[in-house]
Amino acid sequence: MSKILVVEDHADIRRLVRWALEDSGHTLYEAPNGALGLELARTVHPDLVYLDVMMPGGLDGIEVCAQIRKDPALAHTLVVMLTADAAQQTKAKSLAAGANFFLPKPFSPAKLLELTEVLLKARPKPEAPAERS
């Protein structure tokens, strides 16, 4: 199954995502801020990242998304931005940073599970290294 990273400063939202996806068979990882989320992404190479846009501290979600996109090892990682700020400008910045999808809060666990399965099913598979003859 797939590896999913949730980067969200609110423990209640991380708990909601975990609850929605815990029986899906995916391996879940969590980080409470952008810096730890980026470090964890570089360590576990997730297939999908749920990333809060507004987080306190050094890196917000848009900056984390941009860093993920700059890392060749994370090139195939799907990024879904989560935010209570549904302003068009925030959405545009998220997509410009390389986000694949924008999910406004509040969201239902069923919607999250459905989106997860649709995105992962449609995700292009990384190319296998060519065999040497």
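How many of the residues of strand E3 are buried? Five of its five, so let me start there, taking buried to mean under 20% relative accessible area, exposed over 50%, and partly exposed in between, with a 1.4 Å probe and protein chains only. E3 is mostly covered.

Some ground rules before I go on. This is a predicted model, where local features need pLDDT of at least 70 and side-chain atom pairs count only at pLDDT 80 or more, while totals for chains, interfaces and linings use all residues. Residues are numbered from 1 along each chain as its sequence is written, and side-chain values use heavy atoms, with hydrogens and water left out.

Five strands make up an open sheet, and the order is E2-E1-E3-E4-E5 with parallel pairing. Two strands pair if DSSP finds at least two bridges between them. At the edges you'll find E2, residues 27-31, and E5, residues 101-104; each has a single partner strand, so one side of each is left without a neighbour in the sheet. From one strand to the next, the twist averages 20°. For angles, axes are lines fitted to C-alpha atoms, for helices over the stretch in contact, and the angles run from 0 to 180 degrees between N-to-C directions.

Back to E3, residues 48-52. With E1, residues 3-7, the pairing is parallel over four bridges. Ile4 sits opposite Leu48, and Val6 has Tyr50 as its bridge partner. With E4, E3 pairs in the parallel sense over five bridges, and there Leu51 faces Met81.

Now the two faces. In a regular strand the side chains alternate between the two faces of the sheet. In E3, Leu48, Tyr50 and Asp52 are on one side, Val49 and Leu51 are on the other, and all are buried.

So what lies across E3? Helix H3, residues 61-70, lies across E3 and strand E4 (78-83), running at about 175° to E4. Helix H5, residues 109-122, lies across E1, E3, E4 and E5, at about 135° to E3.

Let's look at Asp52, which lies in E3. An unreviewed UniProt entry annotates Asp52 as "modified residue: 4-aspartylphosphate". Positions from UniProt are in the numbering used here, feature names are shortened, and annotations may be inferred rather than shown by experiment. In this model Asp52 has a relative accessible area of 2%, so it counts as buried. Setting aside neighbours within four places in sequence, Asp52 is in contact, meaning heavy atoms within 4.5 Å, with Val7, Glu8, Asp9, Gly61, Leu82, Thr83 and Lys105.

The unreviewed entry also has "domain: Response regulatory" over residues 3-120. Over that stretch the chain is 45% helix and 21% strand, with the end C-alpha atoms 10 Å apart.

On to the cores. A nonpolar core is a set of buried Ala, Val, Leu, Ile, Met, Phe, Trp, Tyr and Cys residues joined through side-chain atoms within 4.5 Å. The largest has 19 residues, and Val7, Val49, Leu51, Cys65, Ile68, Val79 and Met81 touch the most other members. E1, helix H2 (34-44), E3, H3 and E4 each give two or more residues to this core, and H3 gives the most, with four. There's also a second, separate core of 17 residues, which includes Ile4, Ile13, Val17 and Leu103.

Which helix packs against H5 at about 65°? That's H1, residues 11-21, and the two axes are 9 Å apart. From H1, the contact uses Leu16, Val17, Trp19, Ala20 and Leu21; from H5, Pro109, Leu112, Leu113 and Thr116.

Staying in H5, that's where Leu115 is. Leu115 is buried, at 8% relative accessibility. Not counting residues up to four places away in sequence, Leu115 touches Tyr50, Val80, Phe101 and Leu103. Its C-alpha atom is 9.5 Å from that of Val80, though they are 35 residues apart along the chain.

For contrast, take Arg69 in H3. Arg69 is partly exposed, with a relative accessible area of 27%. Arg69 and Pro56 are 13 residues apart in sequence, yet 21 Å apart in space, C-alpha to C-alpha.
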